[in-house]
Amino acid sequence: MLNNIKIKICGQNNPAIINHCLDLNIAYQGLIFYEKSPRFIDTETLALVNQYFRSHKNRFVGVFVNPKINEIKNQLSIFDFDTIQLHGDESQSFINEVKKNFEKKIFKSISPEDFEITNLVNVDKFLIEAK
């Protein structure tokens, strides 16, 4: 069972640390696009990530909290990461809209309690997050 575990380090906004995590073969690196987060990645840093790490785009996850479609589109126009993580209370119709508009993998953060009863589909992986 432990062979299927993948590590994701979230809140990456330092290119030197990103590079080190790539060297360590960390499966995923999260880029937080929620402005209230202290680990928010700004546009200039995202452009640097694109410049130096675009060949590893499959290892990056854009993390959004209740975004608008245009917010996702704007970040993808700077760096075309492969996975979108929805970390808020996004509806099934919004998840479907994201999948249709971007044709990216979708990770959905969910509490253990909500995971037991979720009916959400069109999600590639769930991230179970407890407080």
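Colleague: What does Ile 84 touch?

Modeller: Leaving out residues up to four places away in sequence, Ile 84 touches Val 61, Gly 62, Phe 64, Ile 72, Leu 76, Val 98, Phe 102, Lys 104, Lys 105, Ile 106 and Phe 107. Contact here means heavy atoms within 4.5 Å. This is a predicted model, where local features need pLDDT of at least 70 and side-chain atom pairs count only at pLDDT 80 or more, while totals for chains, interfaces and linings use all residues. Residues are numbered from 1 along each chain as its sequence is written, and side-chain values use heavy atoms, with hydrogens and water left out.

Colleague: Which residues have the most contacts inside the largest nonpolar core?

Modeller: Phe 60, Ile 72, Phe 81, Ile 84 and Val 98, in a core of 23 residues. Such a core is a set of buried Ala, Val, Leu, Ile, Met, Phe, Trp, Tyr and Cys residues joined through side-chain atoms within 4.5 Å. Buried means under 20% relative accessible area, exposed over 50%, and partly exposed in between (1.4 Å probe, protein chains only).

Colleague: Which element supplies the largest share?

Modeller: H4, with four residues. Helices (H or I, at least four residues) and strands (E, at least two) are DSSP runs, numbered from the N terminus. Another core, of six residues, lies apart from the largest one and includes Tyr 28, Val 63, Phe 107 and Leu 127.

Colleague: Switching to Gln 85. Buried or exposed?

Modeller: Gln 85 is buried, at a relative accessible area of 1%. The residue is found in strand E4.

Colleague: What does the side chain of Gln 85 make polar contacts with?

Modeller: The side chain of Lys 8, at 2.6 Å, and that of Ser 109, at 2.8 Å. A polar contact is a pair of N or O atoms within 3.5 Å; within protein, one must be able to donate a hydrogen and the other to accept it, and residues adjacent in sequence count only if both atoms are side-chain atoms.

Colleague: Now H1. Which residues are buried there?

Modeller: In H1 (residues 15–23), Ile 18, Cys 21 and Leu 22 are buried. Seen down the helix axis, they fall within an arc of 100°, so they line one face of H1; the arc is that of the directions from the axis to the C-beta atoms. Ala 16 and Asp 23, on the other side, are exposed.

Colleague: What caps the N-terminal end of H1?

Modeller: Asn 14, with a side-chain oxygen 2.9 Å from the backbone nitrogen of Ala 16.
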